[in-house]
Amino acid sequence: MSSAPSSHRILLGVSGGIAAYKSAELVRLLIKAGAEVQVVMTEAAQHFVGAATFQALSGRAVRTHLWDPAAEAAMGHIELARWASQVVIAPASADLLARLAQGHADDLLATLCLASAAPLSLAPAMNRQMWAHPATQANLDLLRQRGARILGPAAGEQACGEVGEGRMLEPSAIATAVLTPSVGGVLQGRRVLISAGPTLEDIDPVRFVGNRSSGKMGFAIAQVAQAMGAEVTLIAGPVALATPSGVQRVDVRSALQMREAVLQHLDGQHVFIAAAAVADYRPREVAAQKIKKCADTLELQLVRNPDIVAEVAARQDRPLVVGFAAETNDVESHACDKLARKKLDMIAANDVSIAGQGFESERNALNVYWHDGMLRIAPARKSEVARQLLTCIAERLAHATGTPS
Ligand code: PMT
């Protein structure tokens with residue numbers, strides 16, 4: 001592990017969970033690496049480990065209560081929030097994640113998180129069912145969107161006897177992540193352009209041709225890419241989603257508008273990820289007035305839209321180009337055909353015939369292909385799928401440019 005510069009003033013929050021005993025080792029490792037550590041325990045944490053253990057290891061009195069006049073006289077909680085160069089919470093229980101997501105200030109640790117502008121890292125630890133619960137995952141998504149770094153959890157045998165995801169990362173892994181800013185920042189210094197959502201092709205002032213894309217996949221990629229250190233520009237079709245923090249968003253409606261926005265923002269990009277479901281066709285003419293229903297049938301003439309991702313891939317000064325292929329049958333062969341025909345660097349094949357993943361869903365699964373390799377991303381929440389996809393893209397990018405990932 002690298003040794004810490006004196007600027008590492010770590011406010012280590014310990015919340016209630018059996019993994020709290022491992023945090024004693026985390027304190028030891030951080031101190032050994034040269035960091036200053038101030039431990040703050042929640043009430044629940046004190047049922048698992050005594051404050052004296054942390055006090056002995058950190059060399060500082062452990063803080064436990066918001067309303068402790070003696071402790072407040074030494075360093076008030078606002079001062080403590082300002083003192084920290086990083087806030088790290090290990091273990092972060094499901095309850096603590098929920099309270100942080102909601103912005104509660106009902107104990108010292110939650111209050112410090114609200115009051116501190118320092119980067120926040122969370123090492124979740126809980127039973128696998130609690131980890132998989134949609135409420136916990138939604139809280140994590142919200143915290144990630146606000147810039148929190150989520151460390152782990154790991155999978156394996158749990159204290160409750162079950163086996164699965166939810167174990168706290170080992171103290172050495174947490175310490176390395178906390179002391180090495182580049183960990184998790186594999187896209188640091190990279191500019192990433194992402195298209196997301198559907199395009200809507202107007203028929204008349206009240207009707208359009210569209211598709212079922214919600215934008216969730218592309219937005220998850222934007223959010224995770226930003227968290228991995230990239231400078232992200234997101235070209236978004238009409239979707240009802242909040243802009244991930246730190247991401248530049250450009251809203252468009254039609255395929256022609258999406259093409260224009262992509263080309264306008266292409267200069268200097270290292271990666272283009274085309275997650276948008278762009279309409280292949282648009283009505284030849286857009287009626288100026290609402291079309292009246294007179295005849296029994298109505299014929300609509302459609303013309304081909306330009307293929308945005310193929311156009312980007314055809315450019316001389318192109319970035320790394322990653323397409324998506326939403327398919328309902330022969331997924332691999334259709335995806336690989338698109339990879340070759342559109343001259344892409346990578347393609348993420350998305351089997352949208354499987355219920356509960358792909359369009360509109362919170363979850364997805366992808367098979368990613370490039371000319372001499374492939375990666376299977378198992379069904380997971382879109383943020384996790386995005387994380388695995390972007391890690392793979394970062395590796396391909398490093399491979400293409402000869403820089404270490
Ligand atoms: O938005 P969600 O609800 O989260 O759903 C996610 C998703 C299923 C939309 C997404 O993961 C996905 O698969 N996106 C691509 C959908 C698609 O339109 O695929 P395609 O096979 O039609 O297009 C292939 C590639 O060419 C895509 O990268 C597409 O962006 C691009 N394309 C297509 C047509 C066109 N005129 N221009 C393009 O750039």
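Mentor: The buried residues of helix α6 are L108, L109, A110, T111, L112 and C113. That amounts to six of the eight residues of α6, and the helix is accordingly described as mostly covered. Please keep in mind that the model is a predicted one.

The cover comes from several directions in the sequence. The buried residues of α6 pack against the helices α4 (77–83) and α5 (94–102), and also against the strands β1 (9–14), β2, β3 (86–92) and β4.

Leaving aside residues up to four places away in sequence, S116 touches A81 and V87.

T199 lies between β8 (191–196) and β9 (201–204), and it counts as buried because its relative accessibility is 0%. A polar atom of the T199 side chain lies 2.9 Å from the backbone nitrogen of A279. When residues up to four places away in sequence are not counted, the contacts of T199 include V209, N211, R253, M258 and V278, as well as A279 itself.

The wider setting can now be given. The protein has 14 helices and 19 strands, and its C-alpha atoms fill a box of roughly 80 × 50 × 40 Å along the principal axes. Of its 405 residues, 50% count as buried. Among contacts with a separation of 6 or more, 66% are between residues 24 or more positions apart.

In soluble globular proteins, nonpolar side chains tend to be buried together. Here the largest nonpolar core has 39 residues, and I221, I273, F324, L390 and I393 touch the most other members. Helix α14 (residues 382–401) supplies the largest share of this core, with eight residues. I221 has contacts with I194, I273, A275, F324, A386, L389 and L390, again not counting residues up to four places away in sequence.

I18, Y21 and F48 make a nonpolar surface patch of about 330 Å². F48 is found in the loop between β2 (36–41) and α2 (51–58), and it counts as partly exposed because its relative accessibility is 43%. For the protein, the accessible surface comes to about 19,200 Å², of which 52% belongs to carbon and sulfur atoms.

Charged pairs complete the account; the count of salt bridges comes to 22. In one of them, the side chains of D141 and R381 meet at 2.6 Å, N to O. D141 lies in helix α8 (residues 134–145) and R381 in strand β19 (residues 373–381), so this pair ties together parts that are 240 residues apart in sequence. Both D141 and R381 are buried.

K216 forms a salt bridge with E362, and the closest N and O atoms are 2.9 Å apart. This pair also links distant parts of the chain: K216 is in helix α10 (residues 216–227), E362 is in the loop between β17 (346–351) and β18 (363–370), and they are 146 residues apart. K216 counts as partly exposed at 25% relative accessibility, and E362 is partly exposed with a relative accessible area of 41%.

D337 is partly exposed, with a relative accessible area of 39%, whereas R341 counts as exposed at 52% relative accessibility.

Note on methods. Residues numbered from 1 in each chain as written. Predicted model: local features only at pLDDT ≥ 70, side-chain atom pairs only at ≥ 80, totals over all residues. Heavy atoms only, no water. Helix = DSSP H or I, 4+ residues; strand = E, 2+ residues; numbered from the N terminus. Buried < 20%, exposed > 50% of the residue type's maximum accessible area, 1.4 Å probe, protein only. Polar contact = N/O pair within 3.5 Å; in protein donor to acceptor, adjacent residues only side chain to side chain. Contact = heavy atoms within 4.5 Å. Core = buried A, V, L, I, M, F, W, Y, C linked by side-chain atoms within 4.5 Å. Patch = residues over 30% accessible without salt bridge, like charges linked within 9 Å, V, L, I, M, F, W, Y side chains within 5 Å. Areas by Shrake-Rupley, 256 points an atom, 1.4 Å probe, with all protein chains shown as cover. Salt bridge = Lys/Arg side-chain N within 4 Å of Asp/Glu carboxyl O.
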